[in-house]
Amino acid sequence: MLRLITDFDGPIMDVSDRYYRVYQQCLAETQGSDQQVRELPKAEFWDMKRAQVPETEIGLLSGLDATQAGEFAQKRRQTVHTFPYLKYDRLAPGGVETLEKVQRAGVDLVVMTMRRVRELDEAFNRCNLGRFFPEDRRYCLPNDYVKTGDVKDKPLLMAKALAELPQASDIWMVGDTEADIVAAKTHGVKVIGVLCGIRDRSQLESQQPDLIANNLGEAVEMIFDRSPQ
């Protein structure tokens with residue numbers, strides 16, 4: 001049996017609008033009443049996020065002073081995953097078509113995400129994605145989970161999945177961050193980094209995934225080409 005474990009944000013959902021809306025909101029809330037700031041264009045902002053430019057530096061580049069930049073960074077961290085902004089997430093181009101293709105091929109499809117249950121349910125319900133992932137193929141965080149950091153938490157989720165799921169002859173992970181790559185490599189799972197999410201090529205290459213693809217569709221083609229089935 002071929003199993004595909006896919007991250008959610010990045011491969012399936014495009015979160016760039018949410019991140020940019022939160023950036024705009026936090027910048028507006030942090031700037032002084034007569035202070036001139038420079039709101040970065042979305043493309044420039046997203047390139048910085050993908051290159052892991054620190055939040056404080058993004059604040060400084062937007063015209064905030066050092067104290068404000070620290071406040072901005074803290075405010076952004078507290079806001080970006082809150083419920084009111086999840087509605088700005090949209091389906092990644094070609095994502096649903098790829099999931100349908102994988103499902104038709106009889107692949108065991110698993111989602112593994114650092115979203116909490118309610119955050120995953122919001123997207124599943126809004127975008128009709130539950131049809132691809134039965135309850136026992138959804139690995140996410142409990143609503144009351146206190147995160148310690150994705151690179152620590154995601155390997156724990158991977159361990160849980162591998163312990164609970166039926167045996168599979170070929171297992172692949174697809175994700176867009178270092179947490180996905182670390183989780184897979186920690187447990188001996190082959191991993192493909194995708195460039196459609198929140199890390200650019202140099203950030204992914206530094207983590208040494210088995211392969212790098214542009215998106216989920218391309219990653220699936222790579223898996224099918226290499227799978228013994």
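Before you click on anything, one term: a residue is buried if its relative accessible area is under 20%, exposed if over 50%, and partly exposed in between (1.4 Å probe, protein chains only). What you have open is a predicted model, where local features need pLDDT of at least 70 and side-chain atom pairs count only at pLDDT 80 or more, while totals for chains, interfaces and linings use all residues. Residues are numbered from 1 along each chain as its sequence is written, and side-chain values use heavy atoms, with hydrogens and water left out.

The structure has eight aromatic pairs. Rings of Phe, Tyr and Trp (its six-membered ring) pair if their centres lie within 6.5 Å; planes under 30 degrees apart are stacked, over 60 edge-to-face, and the rest tilted. Tyr 19 and Trp 46 make an edge-to-face pair, because their planes sit at 70°, with ring centres 5.8 Å apart. Tyr 19 is in helix H1 (residues 16-30) and Trp 46 in helix H2 (residues 42-50), so the pair ties together parts 27 residues apart in sequence. Helices here are DSSP runs (H or I, at least four residues), as are strands (E, at least two), numbered from the N terminus.

**Stop two: Tyr 20 and Phe 45**

Go to Tyr 20 and Phe 45, whose ring centres are 5.7 Å apart with planes at 50°, so call this pair tilted. Tyr 20 belongs to helix H1 and Phe 45 to helix H2, 25 residues apart. Tyr 20 is buried at 12%, and Phe 45 is buried at 0%.

**Stop three: the largest pocket**

Pockets here are open sets of points on a 1 Å grid over the protein atoms alone, with protein on both sides within 12 Å along at least five of seven lines; lining residues have an atom within 4 Å of a point. The largest pocket holds about 720 Å³ of space, a volume being the space filled by probe spheres set on the points, which are joined across faces, edges and corners. Of its 30 lining residues, those closest to the centre are Tyr 19, His 81, Asp 150, Ile 198 and Arg 199.

**Last stop: Gln 24**

Still in helix H1, pick Gln 24. This residue is partly exposed, at 24%.

Terms used. 1 Å grid on protein atoms, 1.4 Å probe; cavity = no way out; pocket = protein on both sides within 12 Å on 5 of 7 lines; lining within 4 Å.
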